[in-house]
Amino acid sequence: MNIRSVLLLALAILVLFISSCNNQPEITEQNVSRIISTLSSDEMQGRHAMSPEIDMAADFIAEEFSKIGLTPFDEDYKQTFTLYSIIPSESAISINGDQVEDYKFFSITNTDSIRWSLTDVSVETINESDDFRKLLNTYRNDDQSSIITVSEAHSEWFSRYRGYYSRANRTLDIDHKPNDLFVLTNDRVRSANVEIFNKIETQPLANVVGKIPGQKEDEILLFSAHYDHIGVVTPVEEDSVANGANDNASGVAAVIELARYFSKGPVPERTLYFVGFTAEETGGFGSRYFSEQIDPDKIAAMVNIEMIGKPAVEGGNTAWITGYDLTSFGQIFDENAPEDFDFYADPYPNQNLFYRSDNATLARLGVPAHTISTTPIDVDQDYHQVSDEFSTINIEHATNTIRAIARVSELLANGEVTPTRLPAESIN
């Protein structure tokens, strides 16, 4: 064997060695298509978080995680919790000895019943010159139970909020927060007798969580997408299933394929979490519960993925990032994207999208948590409609987007880059 042959053989062996060390599977259109079509099928009935079909979706995601070989977050892949619905039932309110008519009060409660006299609570006032909405939120989020009198000058806003708070109040816990009663009156409260009775219903829910343990357990890279949608709606041409192919079966496909991609590679520097959140559409309860079970200081970054099934107005092979200027997350994706792909700032800043997806919960805790999306929402006709079907999805575009996310995320997973953190006080 001559020297040239020896060199060629050595080169071939080197190539095989490198390939064996970097054997992540290809992110394929076939898998992306299979996942989106399964989750958005009519059989899933639109995956409403409160429907039986949501369990079918959770089982499917858990099975994918199991086949990939992810480590369960706990005993299994489902992170179960309870959502409480507090439904106003009966109330009797008297102020200064006079019965208060129904349209002149509403309560924000977190328990089954309240019996107050004036000595049991504080009394606060929203005067005519005050900002009603601002003070309502202040009292709603403080640490004491109160009777809040509201000047009749705010009757229009009071009526709007009464309509909202007269419906069921959904919460992750009961008997752990103060309770407030708002009364529309110009009178000073000298005495009070308050009786409020609520009906409490429970709804079991589950996030789906798998992980790839890294060399560092206390540094986490989180990939996420919500897997619920809005369920069965008013029929349009006899179709009543809001399938949610783009919103957000496409994002779930990304999370599953990213899990598959990283599962076959070398052990990452950071521990990787892959999460399917439930109940995003009904108040973000899945991400809220998850955030209470984990130390946010350990999360180096959160890559939330939503609605990547359609190319952006700027064209294919592009994706936008919410809250781009709040941390260096967006810059990292922009500067390290593949040559044929562009990441850029959210083109719809007036729609406050940064605050409308599951990333916001962890962002409020300081995590550089952002959502990556591609859909041209200003012209998209399928958002929250029965027309959000698998047939509308551009599988090639979705697959290319997932591949681009994977490429940049390698740097995050291996600890080569770390986004700046987000001061909690900068989030609404």
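1. The model is predicted, with pLDDT of at least 70 needed for local features and 80 or more for side-chain atom pairs, whereas totals for chains, interfaces and linings use all residues. Residues are numbered from 1 along each chain as its sequence is written, and side-chain values use heavy atoms, with hydrogens and water left out.

2. Helix H2 (residues 29-39) and helix H6 (residues 245-263) have axes that come within 9 Å and cross at roughly 135°; helices (H or I, at least four residues) and strands (E, at least two) are DSSP runs numbered from the N terminus, and axes are lines fitted to C-alpha atoms, for helices over the stretch in contact, with angles running from 0 to 180 degrees between N-to-C directions. H2 and H6 are therefore oblique to each other, given that angles under 35 degrees count as roughly parallel, over 145 as roughly antiparallel, 65 to 115 as roughly perpendicular and the rest as oblique. H2 passes H6 in a right-handed crossing (left-handed if the near helix is turned anticlockwise from the far one by less than a right angle, right-handed if clockwise).

3. On the H2 side of this packing stand Asn31, Val32, Arg34, Ile35, Ile36 and Leu39, which meet Ala245, Ala249, Ser250, Val252, Ala253, Ile256, Glu257 and Arg260 in H6, where contact means heavy atoms within 4.5 Å. By class, the contact of H2 with H6 holds nine nonpolar, two polar and three charged residues (Ala, Val, Leu, Ile, Met, Phe, Trp, Tyr, Cys and Pro count as nonpolar, Asp, Glu, Lys and Arg as charged, and the others, Gly among them, as polar).

4. H2 also packs against H3, at an angle of about 160° and with the axes 10 Å apart, which makes H2 roughly antiparallel to H3. The crossing of H2 and H3 is right-handed. Arg34, Ile35, Thr38 and Leu39 of H2 meet Ala57, Phe60 and Glu64 of H3, and the residues of this contact divide into four nonpolar, one polar and two charged.

5. Glu64, placed in helix H3 (residues 53-68), counts as buried because its relative accessibility is 3% (buried means under 20% relative accessible area, exposed over 50%, partly exposed in between, with a 1.4 Å probe and protein chains only). Leaving aside its neighbours within four places in sequence, Glu64 is in contact with Arg34, Ile35, Ile256 and Arg260.

6. An open sheet is formed by four strands in the order E4-E9-E7-E6, with mixed pairing; two strands pair if DSSP finds at least two bridges between them. Strand E4 (105-108) and strand E6 (122-126) are the edge strands, each pairing on one side only, and the twist averages 20° from one strand to the next. E4 pairs with strand E9 (residues 180-184) in the antiparallel sense over four bridges, and the bridge partner of Phe105 in E9 is Val183.

7. Two helices lie across strands of this sheet. Helix H4 (residues 132-141) lies across E4, E6, strand E7 (146-150) and E9, running at about 160° to E6, while helix H5 (residues 155-165) lies across E4, E7 and E9, running at about 50° to E4.

8. Lys177, in the loop between strand E8 (169-171) and E9, is partly exposed, with a relative accessible area of 46%. Leaving aside neighbours within four places in sequence, Lys177 is in contact with Asn110 and Thr171.

9. Ser409, in helix H10 (residues 395-413), counts as buried at 0% relative accessibility. Not counting residues up to four places away in sequence, Ser409 touches Leu221, Phe223, Phe262 and Phe333.
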